[in-house]
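Below is a briefing on one protein chain, arranged by topic. Please read it alongside the sequence and the model.

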Amino acid sequence: MDFLETTIFTTTAGIEPVTGVLLNLGINGFVVEDAQDFNDFLEDTTIYWDYVDDDLMKLKDCETNIKIYLPQNPQGNETLLLVRQALEGLKSRDTSHAFGRLELTLNAVKAEDWENNWKQYFKPFCVGEHFLIKPSWEEVKDTNGRTILEIDPASSFGTGSHTTTQLCIQQLEHLVHKGDEVLDMGCGSGILGIAALLLGANHVTAVDIDLNSVRTAKENALKNHIAPDKLDAYCGNITQDEALFETVASRSYDVIAANIVADVIISMRHILYKLLKEDGRMVVSGIIFERVHEVADALVNAGFAVLEQNEQNDWASITLKKA
């Protein structure tokens with residue numbers, strides 16, 4: 001399998017928060033290059049040296065960066081999009097710009113170019129009991145009775161190939177009933193909200209901190225012949241934007257899907273509790289297996305009860321109701 005070298009540019013102060021973001025996404029292998037390491041070496045009076053290794057010399061004037069390696073396949077692309085979204089979130093919180101530019105390059109290839117190149121790997125595939133997911137540029141002659149869900153992710157997370165998305169869709173097949181009101185928190189490409197509508201939901205409210213995701217979700221809904229009034233999409237941080245919370249809270253939800261990351265789910269736990277109907281159901285994912293108990297405990301302490309927990313490929317989803 002081919003791998004894509006992905007470099008994230010930051011600062012010495014940004015190394016810990018960036019690697020924390022990567023660990024949250026299940027990425028525990030990375031290479032850190034930091035000019036401060038070279039300076040620390042020079043200032044270490046306990047070491048006697050008469051030459052410096054070439055690899056260390058390269059650090060002398062380098063911009064601090066963190067390298068990760070992603071497989072060149074749909075799963076790798078989904079992970080790349082998760083990393084980009086997580087970096088955008090970190091950048092929005094870094095008001096003092098202490099963590100540098102928080103931009104990434106792909107083996108000297110612009111991210112936009114990769115977004116076009118990876119399309120060769122995105123082929124139609126089945127998810128759960130009902131869906132056949134495909135991009136707009138692929139044709140399917142025989143669906144075997146499955147519902148086509150057409151998705152073009154652009155630069156937003158959610159082709160359906162990532163384990164976390166599939167775990168959510170599989171749960172939505174059991175949770176969504178005709179006429180339901182659904183909240184897709186962290187909507188990305190809109191795939192979960194669209195799946196809910198195709199399963200019979202009456203209306204979906206989609207929220208994401210990335211404006212491109214909101215735009216993409218609306219476009220993908222239209223591609224699936226969903227009327228514009230069936231999916232409302234909003235951009236913003238619901239934990240900080242009171243006006244956005246009030247808008248979203250103008251409806252109450254039979255089903256909530258939150259495919260984000262562990263820390264964000266934990267930070268939203270009280271908001272999600274307020275938004276869910278008393279007899280509603282919620283599925284959360286984007287959780288690496290090592291943190292599933294931490295997330296479940298936080299949600300239980302916020303008033304939820306765990307109904308079901310599912311794991312696949314080191315990722316987990318949790319299905320809950322109000323206790």
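**Strand pairing and overall make-up**

Strand 1 (residues 3-9) and strand 3 (residues 65-71) run antiparallel and are joined by seven bridges. Two strands count as paired if DSSP finds at least two bridges between them. This is a predicted model, in which local features need pLDDT of at least 70 and side-chain atom pairs count only at pLDDT 80 or more, while totals for chains, interfaces and linings use all residues. Residues are numbered from 1 along each chain as its sequence is written, and side-chain values use heavy atoms, with hydrogens and water left out.

**The chain as a whole**

- The protein chain holds 12 helices and 14 strands; these are DSSP runs numbered from the N terminus, with helices being H or I of at least four residues and strands being E of at least two.
- Of its 323 residues, 51% count as buried. Buried means under 20% relative accessible area, exposed means over 50%, and partly exposed lies in between (1.4 Å probe, protein chains only).
- Accessible areas come from the Shrake-Rupley method with a 1.4 Å probe, and for residues only the protein chains shown count as cover.
- Among contacts between residues at least 6 apart in sequence, 68% join residues at least 24 apart; contact means heavy atoms within 4.5 Å.

- Four strands make an open sheet in the order 2-3-1-4, with antiparallel pairing.
- Strand 2 (31-33) and strand 4 (103-106) are the edge strands, each pairing on one side only.
- From one strand to the next, the twist averages 25 degrees. Axes are lines fitted to C-alpha atoms, for helices over the stretch in contact, and angles run from 0 to 180 degrees between N-to-C directions.
- Ile 8 has Ile 66 in strand 3 as its bridge partner.
- Helix 1 (residues 15-24) lies across strand 1, strand 2 and strand 3, and runs at about 15 degrees to strand 3.

**Salt bridges**

- The structure has 12 salt bridges, each defined as a side-chain nitrogen of Lys or Arg within 4 Å of a carboxyl oxygen of Asp or Glu.
- One of them joins Lys 67 to Glu 33, with the closest N and O atoms 3.2 Å apart. Lys 67 lies in strand 3 and Glu 33 in strand 2, so this pair ties together parts 34 residues apart in sequence.
- Lys 67 is buried at 14% relative accessible area, whereas Glu 33 is partly exposed at 27%.
- Arg 251 forms a salt bridge with Glu 181, the closest N and O atoms being 3.1 Å apart. Arg 251 sits in the loop between helix 9 (242-248) and strand 11 (253-259) and Glu 181 in strand 8 (residues 181-185), so the pair links parts 70 residues apart in sequence.
- Arg 251 is partly exposed at 33% relative accessibility, while Glu 181 is buried at 10%.
- Asp 232 also forms a salt bridge with Arg 251, with the closest N and O atoms 3.9 Å apart. Asp 232 is in strand 10 (residues 231-235) and Arg 251 in the loop between helix 9 and strand 11, so the pair ties together parts 19 residues apart in sequence.
- Asp 232 is partly exposed, with a relative accessible area of 25%.

**Nonpolar surface patch**

- Phe 3, Val 31 and Tyr 69 form a nonpolar patch on the surface, together having about 300 Å² of accessible area.
- Patches consist of residues with over 30% relative accessible area and no salt bridge; like charges are joined within 9 Å, and nonpolar side chains (Val, Leu, Ile, Met, Phe, Trp, Tyr) within 5 Å.
- Val 31 belongs to strand 2 and is partly exposed, with a relative accessible area of 38%.
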